[in-house]
Amino acid sequence: MSTGRANERTRAVRLTRWGGPPVLTEVASRTPEGQEVLIEVEAAGLCRSDLHVIDARPGALPYRLPFTLGHEVAGRVLHRGPLATGPATGERVLVYGPWGCGSCARCAAGAENYCDRRPALDADRTGTGAGLGRDGGMADLLLVPSGRLLVPVGDLDPVRAAPLSDAGLTAYHAVAMVRHAVGDGSGASVVVLGVGGLGHLAVQILRATTTAQVLAVDVREEALALADACGAHFGTLLRPDTASVLRGRTGGAGAAAVLDFVGGRSSLDLAVAVLRAGGELAVVGSGGGEVAVRKPGTLPPGTRISLPF
């Protein structure tokens, strides 16, 4: 294991060629400068997005190789640069994954995931965050650009905490974008498509923050059992009659919102089929499906589509 010193050789899981496999190797760490903060990593999650990055074709992503993987990171502040702000040395933290410029209007509002300079960052292949073109947390040590990207977690188990920085936050973000449509106390219905690493958290967040009727869909019986354990009001396997079954559960009106954590052709087709007029569709999964937007078309009138990142 690392001894936790800056300017030493430490272990890291690096992507060295598109299509992988990643390589466990040693890299040099360095003492943080300016606003930088050095984190001693206690846990790092493996996300489906990591697999998308590893399997990407050359040129498909605006990142330069090599870099260290890992954007779900929990650890302890080891060293701070002389201008660093935020959590103190020794404090246990989560690392926010998308790293913006820190100074544009979006970043100033706390929305670094929607940084106004992201197109420029993509163009110069700088990378968009930990494990996404820049060195991430599948390593003993992680250098973070600023303390503004750190969230104190106290004594939370780092293994449980690390996925919250992406899987938990992404699910929360998706729910937040549709909450206005389902949080009015009317018992409106929300369909969660895909009850995996993100979807099961979305079910819990919906139950904790809304009065919505939560309807879960998956292709696996064990996923439906997980949805039930997380508080879903109803769960069903994906079948030819699933759209009519779900519409029946909504009294025929359709769902006020659909959170698609798959993003494939079949899940998006189902989402369009069960949305009510004026409904919200949040496409979270990266399954390669498409929705045709045209008038007239298959989308219910008044549909709003969001792509949470």
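1. Helices, of at least four residues, and strands, of at least two, are taken here as DSSP runs numbered from the N terminus. With that convention, Pro66 is found in the loop between helix H1 (48-55) and strand S4 (67-68), and the peptide bond that joins Leu65 to Pro66 is cis, with omega of about -5°. The model is a predicted one, and the points below should be read with that in mind.

2. A cis peptide bond also joins Lys295 and Pro296, where omega is about -10°; Pro296 lies in the loop between strand S15 (275-283) and S16. As background, most peptide bonds are trans.

3. Asp135 lies in the loop between strand S8 (133-134) and S9 and Arg14 in strand S1, so the pair ties together parts that are 121 residues apart in sequence. Asp135 is partly exposed, with a relative accessible area of 39%, whereas Arg14 is buried, at 13%.

4. Glu42 forms a salt bridge with Arg92, their closest N and O atoms being 3.1 Å apart; this pair links distant parts of the chain, with Glu42 in strand S3 (residues 37-45) and Arg92 in strand S6 (residues 92-95), 50 residues apart. Glu42 is partly exposed, with a relative accessible area of 33%, while Arg92 is buried, at 13%. Both residues belong, together with Arg76, to a network of salt bridges.

5. Between Arg304 and Glu280 there is a further salt bridge, with the closest N and O atoms 2.5 Å apart, and here strand S16, which holds Arg304, is linked to strand S15, which holds Glu280, across 24 residues. Arg304 is partly exposed, with a relative accessible area of 40%, but Glu280 is buried, at 5%.

6. Ile305 itself is partly exposed, with a relative accessible area of 38%.

7. The second largest pocket holds about 390 Å³ of space and is lined by 20 residues, with Ala28, Arg30, Asp135, Leu142 and Leu143 nearest its centre. Two or more lining residues come from each of strand S1 (9-15), strand S2 (23-28) and strand S9 (141-144), and S9 gives the most, with four. By class, the lining has eleven nonpolar, four polar and five charged residues.

Note on methods
Residues are numbered from 1 along each chain as its sequence is written. This is a predicted model: local features need pLDDT of at least 70, side-chain atom pairs count only at pLDDT 80 or more; totals for chains, interfaces and linings use all residues. Side-chain values use heavy atoms; hydrogens and water are left out. On a 1 Å grid over the protein atoms alone, a cavity is a set of points where a 1.4 Å probe fits but cannot get out, and a pocket is an open set with protein on both sides within 12 Å along at least five of seven lines; lining residues have an atom within 4 Å of a point. Grid points are joined across faces, edges and corners, and a volume is the space filled by probe spheres set on the points. Ala, Val, Leu, Ile, Met, Phe, Trp, Tyr, Cys and Pro count as nonpolar, Asp, Glu, Lys and Arg as charged, and the others, Gly among them, as polar. Buried means under 20% relative accessible area, exposed over 50%, partly exposed in between (1.4 Å probe, protein chains only). A salt bridge is a side-chain nitrogen of Lys or Arg within 4 Å of a carboxyl oxygen of Asp or Glu.
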